[in-house]
Amino acid sequence: MKKVAFLVAAGLALSGCGLRPLYGGGPDGAVRSTLSAVEVAPIQGQSGWLVANALKDRLDHNDAPARYRLEVKLDDQISGLGVRRDDSVSRERRTLRARYQLVDLSNGNVVLDATAGSDAGIDVVGSEYATIAAEKSALERLSGIVADQIVARVARYAQTAPAGGQ
């Protein structure tokens, strides 16, 4: 009985703090309709191809007319961290950073300008093939993480933007 009373009290306390679901309103809500109206501009390189595909999967464009264009510039770097006694690298860090802008296509204004990024550690082993495979796998994971960060930030913009997108 105490647990039920606690849950009811917690629910009432949270309802008064102004929290609201990000995707409230379902497919017709402001966030979902904004996300489906975003087109992704081409992004340079292999990492760009991976990030662009991840963004397109998450934005669910559905051939609706675009109201926004998402422009992304990536910085993909691999740096050595650990060094063995023979001066060979034993550990690498792959870093993927994105600077992105959400452009309103009706007037060309940049309505959102932000950055996203993540990094991953990679063990460098005796097999060059295994190391290259680990680097590619890390890039695939990082592309998804960066795409998730970008979509979450665009969704927050859509939730807080006044009606009409501006």
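How many strands form the open sheet here, and in what order? Some notes on that and what packs around it.

1. Ground rules. This is a predicted model, with local features needing pLDDT of at least 70, side-chain atom pairs counting only at pLDDT 80 or more, and totals for chains, interfaces and linings using all residues. Residues are numbered from 1 along each chain as its sequence is written, and side-chain values use heavy atoms, with hydrogens and water left out.

2. The sheet. Four strands make an open sheet, ordered E1-E2-E3-E4, with mixed pairing. Here strands (E, at least two residues) and helices (H or I, at least four) are DSSP runs numbered from the N terminus, and two strands pair if DSSP finds at least two bridges between them. E1 and E4 (110-123) sit at the edges with a single partner strand each, so one side of each has no neighbour in the sheet. On average, neighbouring strands are turned by 25° against each other, direction ignored; axes are lines fitted to C-alpha atoms, for helices over the stretch in contact, and angles run from 0 to 180 degrees between N-to-C directions.

3. Pairing details. E1 (residues 38-40) runs parallel to E2 (residues 68-83), joined by three bridges; Val-38 has Tyr-68 as its bridge partner in E2. E2 and E3 (residues 89-104) are antiparallel, with 15 bridges. Along that pair, Glu-71 stands opposite Gln-101, and Gln-77 is bridged to Thr-95. The two strands form a hairpin with five residues between them, and Asp-87 in the turn has a positive phi of about 65°.

4. Helices on the sheet. H3 (residues 45-59) packs on the sheet and touches E1, E2 and E3, contact meaning heavy atoms within 4.5 Å. The direction of H3 makes about 130° with that of E2. H4 (residues 128-160) touches E1, E2, E3 and E4, at about 155° to the direction of E4.

5. Leaving aside neighbours within four places in sequence, Ile-150 contacts Leu-55, Leu-70, Ala-98, Tyr-100 and Ala-116.
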